[in-house]
Amino acid sequence: MNNYVGKSVARKDAKEKVSGLAEYAVDIDYIPNLLSGKFLTSPIAHARIVSIDTTEAEKIPGVVAIVTGKDWPVKIGLYAGDRDILAVEKVVWIGQPVVALAAESEIIAEKALSLIKVEYQSLEPIFDPKKAMESKDILVHEKMVEYNHSPAFNPIPGTNIANHFKLRKGDIEDGFNKADEIFENEFSMPQVSHAYLEPIVSIGHYRKDGSIEVWSSAQSPFTVRYLLGITFATPTSNITVHSPFLGGGFGGKAGLNFEPLAVLLSRKARNRPVKLMLTREENFRSAPIRVGMVASIKTGVTKQGKITAQQIKYIWDSGACADYAVNVGRAAGYVSIGPYDIENIKSDSYTVYTNKPYATAFRGFGHLELHWVIERQNEIITKKLGIDPVAFRKLNTLKPGTGITGNQHRLREDAGSIDECLDKVWIDLSPKKDKIKSFDPWIFRGIGIAGFMKGPAQPPNSASSAYVKFNEDGSALVSVGTSEMGQGTLTSLAQIAADELGLPFEKIKIRGDRDTDRDAYTWQTVGSRSLFMDGNAVKNACINAKEQIFETVSQVLRVPKSDLTIKNELVFPRGEPWKHLSLSEVVMGYMYPSGESIGGPVIGHGTYMAKMTILDANTGAGNPAIFETFGAQGVEIELNALTGEITILKLVSAFDIGKVINPQLCEGQVIGGSVMALSIATSEKLQYSDKGDLLNPSFVDYIISRSGDIPKEFITHFVENPQEDGPHGARGIGELTMIGVPAALGNAISDAIGVEIFDLPITSEKIWSEIQKQKPTLISNLKQKMMEGI
């Protein structure tokens, strides 16, 4: 075997991307007879559709097709079929597509849209998720009982509750009775945008024979294919989905988005293909966003710091549709207590409809939000009890082989160690050293830490497959279903294949685009599952290919198959490399000097199934994940008490990922994820008017971190406690890289100045406001010192 695993080899897609050769969905304009698609959206958050008049638009030369919701009144969605392709009876958020058309050019399409008239009858909207959860009068979806739902979810008809997940363990009242102290708090996070660089693009072609071909900026093309089959009542064998390189996704392109609308327009446009390209503003208003959250938490602890009981209620604001958001609430629900071993738990996770843009998956899948709650609560507890924050956490953390999760499932013996991660981060934050004193008395320094865990959120029957096909010169093509959107997984999979097949890394080809007719199947590209699931499938495909190779070589060399190995493109008996055949002599079939041939073209196939169980509907008991990756993150900050401004001096991370396949890729993930998390923690928030209109639908007003906001120093540690059934012992890392940052920042502010923050984002204005509320004398004292210094 070669030794590419563990090395920082260059990305497979690097040259294509830096040279501009990588093709994205927006670049696909060469399909013959391609039309431009546009849609008209609702200007009202909640209303009945009285009438739609398209008469004047139909008169515009170059308009080929116009469709409304009544042309195809099918509800779509992965876990909850609650979303119209185009609004049918009523609209449920400002920005919901109502009418769409296809025209010879985008200019014609926009002109025609301006002539369409829609009459609405306003209904009372509801925007507050807490009020929506209690409401029986204002319902976003009155007909929820008629919707299709995955059996894993529990919608409550007659309410706005799209799903209720329950986690129960032990006796919650007994746990609180054993506590010396009880802490109760409420925390929140707003809805935010995925802020990916590439807006959504979907091209649909409904052919005369009923077959469907789609090109889309989709994370999970096989899921798109499956759901299109349901939407248009056709076998998946009639559907082909192409997914080129993605300009970011972060979960926002994970489900079914605008593909059905592009197909529907093509069907109406006499089978001409139609391209929908969302503008940035359309992407903000009409495409999915991240859920908002409000959580109340009650924790019982002993004086020594042992947690005796945890009671939590999460309310997830899914916006107007919850087809993917229900699974965010479910996944956060079954990990709702974080990486801790607590005997008595009562947790309820509600996914709730409101009249705001609809939510979907987002990097972290609810775990960044829930750890904001858990780890801020833990910091408040440690301050009150006067206990070291790391010692408190380690007293309560899950231990490999003995810890019992909130799902009443015993942690694997090789699950990894959060304690090691906490220790590494805490040492680098140097809490025992004297804090460096600033010349200015209004500048305070603080440190904060947060621990966390996450595994992929996927059903027990989720699967991955791969195949390895050899070429005449002994090089190989690896095919997987995982999409490439910047995370670098395909490079890591190529490293695994190179080592397994004894080939140079350069002789492994793995394409960056996806084609459901050509590529091996995978369930979805979400949840940091791909390296583990597809990595195992690739490894198994390589093993299968080697079996075929060894079968041929054993006959030629007259040695048992079990004695053979592959190294440096040669197949030979172990210890006797001089008795070899080259791969190029074997992989297309071996021909003897006489002309007789054996074997044949080698194509190895491999699969991997998730090892999980269905969770109990009343308690959440079971095994919800194929692995749990543990980690810790910490920050050191400077805080200006007079302005509320903070400067991140240092960001420290540690993750137990089993095995580092590619250090450079992992470090890149950590830096990217951490900066994204800091942006969410300090500035990002979708803001609405009192009528539900989005006020900041652009990167001018929706503030994301700039280069000047990046921490001055990054320190990253990778702990390698391998998991036996992972590829080379590896676990996923991608989403983990951001989960602990917001809580660590909040904890650092608490350490610096003694002010507690309960809601994100933590803007300088918010810090200043909380200092005035919680520390009013501090400001007056500092102002006095300023005056004395003048």
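These legends accompany several close-up views of a predicted model. Residues are numbered from 1 along each chain as its sequence is written, and side-chain values use heavy atoms, leaving out hydrogens and water. Local features need pLDDT of at least 70 and side-chain atom pairs pLDDT 80 or more, while totals for chains, interfaces and linings use all residues.

**View 1. Three domains make up the chain.** Domain 1 covers 31–123 + 197–248 + 253–286, domain 2 covers 289–458 + 614–782, and domain 3 covers 463–609; the bounds come from an automatic or database domain assignment.

**View 2. Domain 2 meets domain 3.** Their C-alpha centres lie 40 Å apart. The contact (heavy atoms within 4.5 Å) takes 22 residues from domain 2 and 21 residues from domain 3. Together the two domains bury about 1700 Å², 59% of it on carbon and sulfur atoms; this is accessible area (1.4 Å probe) lost on putting the two parts together, summed over both. In domain 2, Ile 661, Pro 727 and His 728 lose the most area to domain 3, together 29% of what that side buries.

**View 3. The largest nonpolar core has 157 residues.** Such a core joins buried Ala, Val, Leu, Ile, Met, Phe, Trp, Tyr and Cys residues through side-chain atoms within 4.5 Å, where buried means under 20% relative accessible area (1.4 Å probe, protein chains only). Leu 261 and Trp 372 are among those with the most contacts inside it. Domain 1 and domain 2 both give residues to this core, so it lies between them.

**View 4. A second, separate core has 49 residues.** Look here for Val 478, Phe 532, Met 612 and Ile 626, which are included in this core.

Conventions:
Buried < 20%, exposed > 50% of the residue type's maximum accessible area, 1.4 Å probe, protein only.
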